[in-house]
Amino acid sequence: MDLQTKKENNAIVVTISGRLDAVTTPEYEKKIRELIDSGDIYFVVDFDQVDYISSAGLRGLLLMAKLLNAKGGRLCLANVKGNVRSVFGMCGFNTVFKIGNSVAEALAVIA
Amino acid sequence: MVLKDITTEIKKGEIVSIIGPSGTGKSTLLRCLNLLEYPTSGSIYINGIDILDKKVDVAKIRQKMNMVFQSFNLFSHLSVLENLTIGPIKLRGMSKEVARAKALELLRLVGLAEKTGNYPDELSGGQQQRVAIARCLAMEPEIILFDEPTSALDPTMVREVLSVIRRLAKEGMTMAIVTHEMDFARDVSNRVLYMDEGLIYEEGTPEQIFEHPQKEKTKAFINRILSYTCRITSPDYDLYAMNAEIEAFCDKRILSKQTRYNLLLLVEELLQIYRPYLSRVALEMTIAYSEKNECLELICESAGEKVNPLVRENLVDDLGLMIIKNLSESIDYKWSDGKNRLQFVIKKTPLEG
């Protein structure tokens, strides 16, 4: 997994590529914690280049949402598609998270 | 590889598959039959003629008994058509017109009539091997020896070659086939020879060898080749190493991208659920695929106390279980002989979300 961040207006756009699984999610959680601890509370997570997610990755997203809720932050996901979207659907995550069709749409949701 | 005490008979029209671990003499046996290797002792009879007799015309024998090699061995400087006609013209004295007509007929048989003018390096591996089979047939052999005809091929091309061999089998060609394609060997053969340590260790009908092998080494080989088993003895297992082995298994069985995605996800979810137990008990995970039923199964076995790890009270949350249920056609838990056994039949269809 590779994780890139960039600031867009007030929000952080997190772009993940590769796999979000039991091996990579701890690293994802660590980076997200660092960002939230440094004061960022508006996030868009771009899934365009994620080709695999397991329940470990879903738990990472739940943790992120929990940390942001505690700080009054906002989170919207973008470009969740294919098998990743199916895994979201299996666990009801399509309704738990706000999901935009693009990063721009997701940024508008949390604005 | 040295062959010892090999005694067998292949009858006209019979299809004999030769299976066994690498380096146990399977290809050497075929090469001896075709006199590409010369046995130091013994006799090989074809239609009652001892082909090891020094007076025998080897070229004539090879016309009766042709061979298809793992690496195709086509003439790269000749077109597909020329590859098929050169043998009949030079060795059998066939006229160019007759050889050409025969070659076209054979290329149609292997589905490559439109490639007559192409050169071997313009064809895929599967197409080259089909040309090699057609070239072999052009010599009108009575017997064909196949030496691992699909092992140099990309998994996607294996089927096209096997279907050509199946067609020859239906037409009654006498064939000896060294193969690692076990489902193919089971379906196509009248008889299977299992070779180990340079001898025919066990032989029988496909049912005898694949369903009821009698000897230990045959049993171990059959179990290993038709399934993938790994033993996980620590919570710090290497997921990616396992994934690579599972992918290699999926490649061999030519499983679709979706099926392997489902399988890898199921394996990861199960390993996460088993993780708390792995410091105390080992987990044996077996993946088995039946080509006949196109059924992919995953079996988890663990000793220790009787416990079904999928029961809700044993889980941290429901996420893994929800995914597992979605990926499985059926889930069956059993406790027998002191072992917990969970068996899954995996869905082949795209995931539902």
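Me: Across the interface of chain B and chain A, how many residue pairs are in polar contact?
Reply: Happy to start there. This is a predicted model, in which local features need pLDDT of at least 70, side-chain atom pairs count only at pLDDT 80 or more, and totals for chains, interfaces and linings use all residues. A polar contact is a pair of N or O atoms within 3.5 Å; within protein, one must be able to donate a hydrogen and the other to accept it, and residues adjacent in sequence count only if both atoms are side-chain atoms. With both residues at pLDDT 80 or more, the number of pairs that the rule finds across this interface is 7.

Me: Which element gives the largest share of the side of chain B that touches chain A?
Reply: Helices here are DSSP runs (H or I, at least four residues) and strands are too (E, at least two), numbered from the N terminus. On chain B, α10 (239-252), α11 (257-274) and α12 (319-327) each supply at least two residues of that side. The largest share, 7 residues, comes from α11(B).

Me: Which residue of chain B meets R19(A) in a salt bridge?
Reply: A salt bridge is a side-chain nitrogen of Lys or Arg within 4 Å of a carboxyl oxygen of Asp or Glu. The rule finds 2 of them across the interface of chain B and chain A. At 4.0 Å, N to O, the side chain of R19(A) meets that of E268(B).

Me: What is the volume of the largest pocket?
Reply: On a 1 Å grid over the protein atoms alone, a pocket is an open set of points where a 1.4 Å probe fits, with protein on both sides within 12 Å along at least five of seven lines; lining residues have an atom within 4 Å of a point. The lining has 37 residues, with I6(B), L29(B), L33(B), S43(B) and I44(B) nearest the centre. Grid points are joined across faces, edges and corners, and the space filled by probe spheres set on them is the volume, here about 960 Å³.

Me: Which element supplies the largest share of that pocket's lining?
Reply: Elements giving two or more residues include β5 (143-147) and β6 (174-178) of chain B. The largest share, 4 residues, comes from α1(B).

Me: How far apart in space are K115(B) and Q127(B)?
Reply: K115(B) sits in the loop between α4 (96-109) and α5 (125-138) of chain B. In sequence, K115(B) and Q127(B) are 12 residues apart; C-alpha to C-alpha, their separation is 9.2 Å.

Conventions:
Residues are numbered from 1 along each chain as its sequence is written. Chains are lettered from A and ligands numbered from 1 in the order in which they are written. Side-chain values use heavy atoms; hydrogens and water are left out.
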